[in-house]
Amino acid sequence: MSITPTVILFFILAVVAVAAAIAMLRSPNAVHAALFLVINFTAVAILYLLLNAPFIAMAQITVYAGAIMVLFLFVIMMLGAERLPLTERLPWQRPVALILSLILVAAFLFVALVPAAPGNPGQAAAPPPVPRDFGGPLQIGSVLFSRYLFPFELTSVLLLVAMIGAVVLTREDRRQATDGRRQTTEDRPQTAELASVLRPPSSVVTKEQP
Amino acid sequence: MNPTDIPIGYYIALSGLLFTLGVLGVLIRRNAIIIFMAVELMLNAANLAFIAFAREQGAVDGQLFVFFVITVAAAEVAVGLALIVAIFRTRRSIDVDEIHMMRG
């Protein structure tokens, strides 16, 4: 592998992606974490361009870095949950997590980089050349609407179900609100029939004593 | 600019590294929203592996799988954030250590 502009670009993007991921894990502020994740998604989208996937790269930037992260930021700011105190209930959890992660990353790097490893994609052999419009909107669309037409239609059902689910889960009508307040005094009457459908009966919730 | 300069194994290694960072985030963070973001990081790493293998095989099917993963991730984020909002309304917290109402 010689030093070409593509190789330099790959390593810059890899460092940016990993550094943004680490910064996301370390930042105590959830808004900063979301913005670091946007940097990570953008760097990975440019890697998609290097891999001849221009359509997916644009979808990544639009849907992931755009829509999904805006939804995250919206919820963080709506809840006012940018800063949570870093509580530590299980002191042994952090070192154990670090050790297990090191083992996992060692396994990944072994499979990916050691040619003798089972399942190695073959780093010596360069990937075959592909046609110029590989991964473009034309090719993606023609395959999507022929071979993958049924999964594509199922996706619309999935999105509809997710939309209805999000609306139902976050709905807060007055009966449910008063119901939640009464539940803290542990004598919730069974009048709110809709709320009793949406949440478990009070005996289930309040029976357990820590 | 020749994209075939970089072996596919390097992309897979980067994907594994990002996936591990996502796992680490789920394990050590206690803020439910940041745990959710770490799950997105893992999905993203898996997408990178899909794209890299699609390039290696010269087939566009891997890219379509990523397309579907992005769609499912959008639905998942909508429902997951709705759950977090609902939990925050009743418990006044999104610290996962304080949400042990359903523990066995």
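Residues are numbered from 1 along each chain as its sequence is written, with chains lettered from A and ligands numbered from 1 in the order in which they are written. Because the model is predicted, local features need pLDDT of at least 70 and side-chain atom pairs count only at pLDDT 80 or more, while totals for chains, interfaces and linings use all residues; side-chain values use heavy atoms, with hydrogens and water left out.

Let us begin with the interface. Here 79 residues of chain B are in contact with 91 residues of chain A, contact being heavy atoms within 4.5 Å. The two chains bury about 7800 Å² between them, 75% of it on carbon and sulfur atoms; buried area is the accessible area (1.4 Å probe) that two parts lose on being put together, summed over both.

Between chain B and chain A there are 12 residue pairs in polar contact, both residues at pLDDT 80 or more. A polar contact is a pair of N or O atoms within 3.5 Å; within protein, one must be able to donate a hydrogen and the other to accept it, and residues adjacent in sequence count only if both atoms are side-chain atoms. On the side of chain B that touches chain A, α1 (8-28), α2 (32-57) and α3 (61-91) of chain B each supply at least two residues, and α3(B) gives the largest share, 24 residues. Helices are DSSP runs (H or I, at least four residues), numbered from the N terminus. By class, this side has 53 nonpolar, 14 polar and 12 charged residues. Ala, Val, Leu, Ile, Met, Phe, Trp, Tyr, Cys and Pro count as nonpolar, Asp, Glu, Lys and Arg as charged, and the others, Gly among them, as polar.

Over all chains, the structure holds one salt bridge, defined as a side-chain nitrogen of Lys or Arg within 4 Å of a carboxyl oxygen of Asp or Glu. A:Arg147 pairs with B:Asp61, the closest N and O atoms being 2.5 Å apart. The pair crosses between chains, with A:Arg147 in the loop between α5 (137-144) and α6 (149-170) of chain A and B:Asp61 in helix α3 of chain B.

Finally, the second largest pocket is lined by 18 residues, of which A:Leu25, A:Arg26, A:Leu98, B:Leu24 and B:Ile28 lie nearest its centre. On a 1 Å grid over the protein atoms alone, a pocket is an open set of points where a 1.4 Å probe fits, with protein on both sides within 12 Å along at least five of seven lines, and lining residues have an atom within 4 Å of a point.
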